[in-house]
Amino acid sequence: MTQQWLSQIGLVIRLEMRKTFFSRRGIWVYLLALAPVLIFLGHSFSEISNRKVRQAMNAAHPVSTETLRAIERGATIEEVMEKVGEPFAKVEFHRPRASFDIYQYTDGDSVYVFAFQNNRLENIDRRDRDTIPKDSLIFAGVFQFFFLRLAIFFGCVGVFTNLFRGEMLDKSLHFYLLTPIRREVLAIGKYLAGLIATVVIFCTSTFLQLAALSVHFTGSEISEYLAGPGWGHVASYLGVTAAACLGYGSIFLAAGLLFKNPIIPAASVLVWEGMNIFLPAALKKVSVIFYLQSLSPVVAPPDASMPALEKLLVTAAEPVSAPWAILGLLAVTIVILAVAARKARKLEINYSTD
Amino acid sequence: MSDRIVLDNVSRFYGEVLGVNRVTLSVPPGITSLVGPNGSGKTTLMNLITGLVRPTRGEIQVLGISPADPEKLFRVCGYATQFDSFPRGMTGFQFISSYLRLSGMPYEDCQRTTAFAIGRVNLGDAAHRKIAGYSKGMRQRIKLAQAIAHDPRVLVLDEPLNGLDPLVRAETIALFREFAAEGRHVIVSSHILHEVDTISDQVILLSNGYVVAEGQIRGVREEMSEHPMQVIIRCTRANVLASRVFEQDHVVEVRLHADGGGLLVKTRDADRFYRALNHLALDGVGIESVAPADDNVNSLYEYLIGGEESTR
């Protein structure tokens, strides 16, 4: 019997796969997956372009890193210009009681912005070129706050709620129910089909995002990173992506079975996951995002724009270890899948009211 | 194992809306027709028998199997529903073969059985075309092929003759008879009394969710002959067909459709009319579909069951 169930699950996966990958309804899932890749590509190309500009400026106004770093606050414009020459960009503006001068220099890598007030150097702002550790933090932020919470979340809404609900709307679900297949087996087969599709789509996206982000680094920088924590980070991000599909997939499969309009439960889950940082430590664990964040290799920097009052409400919960995070996520998934399978067993075809 | 389909005091409500109420039946093998006007509970009864909906009360056994156990039920039962929608992007062949594969049939057997089932409904030429491009009649036949493909002992068919032209209709009825002759159950629903009267071993009359009569209904034909029946025909050369049809002495009225692509015929003898239509179809008139007009059938039906209803 188990052999037959496995064979039926395999067949359901095959039948569903084409629908899931190539349905018109699924186009926006691809767009969600592609969006961060485009963002990181844009970032990389912008960085490459900036670097070219800096190198061109440095060629036109050559100055060494050591000379620029030797400049100290309090120096006059004349003293600065004597040491480092003409800036590549200069802005002046005057007020009745003060005059301001902004001079920009570059050593080819970093941009130095010297801000003078009344002919005295008041501030030095050094804008270094992007480094891998800096971009790792950017990636962690985008991954945790956009990719996990929105792209994969809504991608799973689109794929998994359609597995049953979409076929009810198409009035074609009954063909499955006319076959000698246990409804629970059908639910598992459909879930696995959705899981394979979302894992392929979003893990490909994660890999492409990392590749897109590394476009502007040199080969030696990338080799050095990969020789260190690099491959571990790549594997972890791919694992977290797959885990997100696993967890959110089960929730939205159940939502598609339990609710006529899955958008309402999807919105509720979105709110629950979004307010996770404000929840008490015990409640945090009844969510998918808590385990995903525990599994993420780089901790995303806190949102600097968060109001102080909100920061007070944020509750800290120690991230659980990777094995416990995986077990916790699996437990949440299995409980939800059991609910979905139970609902599938009692599923009725009543298209007129669906 | 029982050879009957048994419904014991079965009721089904959709919220406050009645589907069927207190239905108790013991259906023997042979062709059994469920007859009733739209909304009388025919489809609900078929969905209950096949487990697509669950009874609110009562119990159902199909050859001793509960419809709540699809794993067993659909090894002995095939169901052609009235839903006219199919999984997207599939050819007729893929549709049947994927269904058989899910039943656990090995690939080679599946290919052979699919070809055989499609051949039985004369759809061989269109087997590898997308179902989306099929005509209404072809879609009816592919559903029938799916229902019979695994050689079931119980065949449940919801309005299976809808949209079929006279020749295919005759072939399909012959197929039902073949199944019944082998001692199987063929349960057919229809809102056309005439249609089922000619093919059924027994008839179950439904009205407003209640079984109002069951068994062999003799005299229905006579009753029907007193009440003209309306038939809508979509065809080419509708004016030619109209003139030929009107030559029949049992035809009391013929009206051409405004678009010239069909006609409405009122006849006092549906049997003779269908026989005549078969000849006319062979005579150069392209008949696309033949369908009785509902309203008239409903009124006839109400006439037939009026006495039963009044006694309830």
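**Figure 1. Surroundings of helix α5 of chain B.** The buried residues of α5(B) pack against β5 (77-80), α3, α4 (107-120), β6 (154-158), α6 (166-181) and β13 (287-292) of chain B. The model is predicted: local features need pLDDT of at least 70, side-chain atom pairs count only at pLDDT 80 or more, and totals for chains, interfaces and linings use all residues. Residues are numbered from 1 along each chain as its sequence is written, while chains are lettered from A and ligands numbered from 1 in the order in which they are written. Helices (H or I, at least four residues) and strands (E, at least two) are DSSP runs, numbered from the N terminus. Of the 13 residues of α5(B), 11 are buried, so the helix is largely enclosed by the rest of the structure. Among them are G137(B), M138(B), R141(B), L144(B) and I148(B). A residue is buried if 20 or more other C-beta atoms lie within 10 Å of its own, exposed if 12 or fewer, and partly exposed in between, with C-beta atoms placed from the backbone. Helix α5(B) covers residues 136-148, and at 1.5 Å a residue it should span 18 Å; its end C-alpha atoms are 19 Å apart, which agrees. The expected span is 1.5 Å times one less than the number of residues in the helix.

Figure 2. D125(B) lies in the loop between α4 and α5 of chain B. This residue is exposed, with 9 other C-beta atoms within 10 Å. From D125(B) to V6(B) the C-alpha to C-alpha distance is 39 Å, and the two are 119 residues apart in sequence.

**Figure 3. Two residues of chain B with positive phi.** Most residues other than glycine have a negative phi. R22(B), a residue other than glycine, has a positive phi near 50°. R22(B) sits in strand β2 (residues 17-27) of chain B and is partly exposed, with 13 other C-beta atoms within 10 Å. For N208(B), also not a glycine, phi is positive and near 50°. N208(B) belongs to the loop between β8 (202-207) and β9 (210-215) of chain B, and with 16 C-beta neighbours inside 10 Å it counts as partly exposed.

**Figure 4. Domains and make-up of chain B.** Chain B is divided into domain 1 (5-217) and domain 2 (222-311), with bounds that come from an automatic or database domain assignment. The centres of these two domains of chain B, taken over C-alpha atoms, are separated by 26 Å. Chain B has 11 helices and 13 strands. Of its 312 residues, 46% are buried. Among contacts in chain B between residues at least 6 apart in sequence, 68% join residues at least 24 apart; two residues are in contact if their C-beta atoms, placed from the backbone, lie within 7 Å.

**Figure 5. The contact between chain B and chain A.** Chain B gives 21 residues to the contact and chain A gives 22. On the side of chain B that touches chain A, the elements that give two or more residues are α2 (70-76) and α3 (92-102) of chain B. The residues on this side of chain B divide into 10 nonpolar, 6 polar and 5 charged. Here Ala, Val, Leu, Ile, Met, Phe, Trp, Tyr, Cys and Pro count as nonpolar, Asp, Glu, Lys and Arg as charged, and the others, Gly among them, as polar.

Figure 6. Strand β2 (residues 99-106) and strand β3 (residues 111-117) of chain A run antiparallel and are joined by 7 bridges; two strands pair if DSSP finds at least two bridges between them. Y103(A) has F114(A) in β3(A) as its bridge partner. The hairpin of β2(A) and β3(A) has 4 residues between the strands, and G108(A) in the turn has a positive phi of about 100°. β3(A) also pairs with strand β4 (residues 120-127) of chain A, in the antiparallel sense over 7 bridges. In this pairing V113(A) stands opposite D125(A) in β4(A). The hairpin of β3(A) and β4(A) has 2 residues between the strands, and N118(A) in the turn has a positive phi of about 50°.

**Figure 7. Domains and extent of chain A.** Chain A is divided into domain 1 (2-48 + 131-353) and domain 2 (51-127), and 48 Å separate the centres of these domains of chain A, taken over C-alpha atoms. The C-alpha atoms of chain A fill a box of roughly 90 × 45 × 40 Å along the principal axes. Buried residues account for 37% of the 354 residues in chain A.
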